[in-house]
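Q: I am new to this structure and would like to go through its charged residues. Could we look at it together?
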Amino acid sequence: MEDVCTSDGVCAGTDLCADVNCKAVDDCHKPVVCNYKTGKCPQGAGEVKADKTTCNDGKATTVNDQCTAGKCAGTNPCSQTDCDEEVAQDACRAEATCAVVKGEAVCSAGDVAVDFSECDDGEETTSNDVC
């Protein structure tokens, strides 16, 4: 405020924050409050939002993003999925892979090995196994 008293005894001023819109530093903080003396937004983060507030951590591979102690994080569905158990595997395939598609873990079989590359079929009675 820039208050001044007029000659007729009326106090009047300008609200320096009237058109100022302070932004939040991220999804897990509230916006800072305009400094009424300067009309500017102070540096730093505003008040931390409550835990479990929905946010966006910016990672396409996570879901259910939420704030915890001022930090935004989600969970990766692939971290809880064993694709080798879900996709038929054998000695002639590379390890299965997981990708997040529309928030779901999607498993894919690994690439097939080159013909005649060495492998182990798991049988004790065979040797010189090849794909």
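Q: To start, where does Glu 95 lie?
A: This is a predicted model. In it, Glu 95 lies in the loop between α1 (83–86) and β5 (97–101).

Q: Is Glu 95 buried or exposed?
A: Glu 95 is exposed, with a relative accessible area of 61%.

Q: And which residues gather with Glu 95 in a patch on the surface?
A: Asp 82, Asp 84 and Glu 85 gather there with Glu 95, and the patch is one of negative charge.

Q: Changing topic, how many salt bridges does the count come to?
A: The count comes to 1 salt bridge. Lys 30 forms a salt bridge with Glu 47, and their closest N and O atoms are 3.6 Å apart. The pair links distant parts of the chain, 17 residues apart, with Lys 30 and Glu 47 each in the loop between β2 (11–12) and β3.

Q: What are the relative accessible areas of Lys 30 and Glu 47?
A: Lys 30 is partly exposed at 36%, while Glu 47 is exposed at 54%.

Q: What about Asp 65: which strand does it lie in?
A: Asp 65 lies in strand β3, which covers residues 63–68.

Q: Which side chain of opposite charge is nearest to Asp 65, and how far away?
A: That side chain is Lys 59, 8.6 Å away. Asp 65 is buried yet has no salt bridge.

Q: Then which residues is Asp 65 in contact with, leaving aside neighbours within four places in sequence?
A: Its contacts include Thr 53, Thr 54, Cys 55, Asn 56 and Asp 57. Cys 72, Ala 73 and Gly 74 are also among them.

Terms used. Residues numbered from 1 in each chain as written. Predicted model: local features only at pLDDT ≥ 70, side-chain atom pairs only at ≥ 80, totals over all residues. Heavy atoms only, no water. Patch = residues over 30% accessible without salt bridge, like charges linked within 9 Å, V, L, I, M, F, W, Y side chains within 5 Å. Areas by Shrake-Rupley, 256 points an atom, 1.4 Å probe, with all protein chains shown as cover. Salt bridge = Lys/Arg side-chain N within 4 Å of Asp/Glu carboxyl O. Lys, Arg positive; Asp, Glu negative; His and termini not counted. Charge placed at Lys NZ, Arg CZ, Asp CG, Glu CD. Helix = DSSP H or I, 4+ residues; strand = E, 2+ residues; numbered from the N terminus. Buried < 20%, exposed > 50% of the residue type's maximum accessible area, 1.4 Å probe, protein only. Contact = heavy atoms within 4.5 Å.
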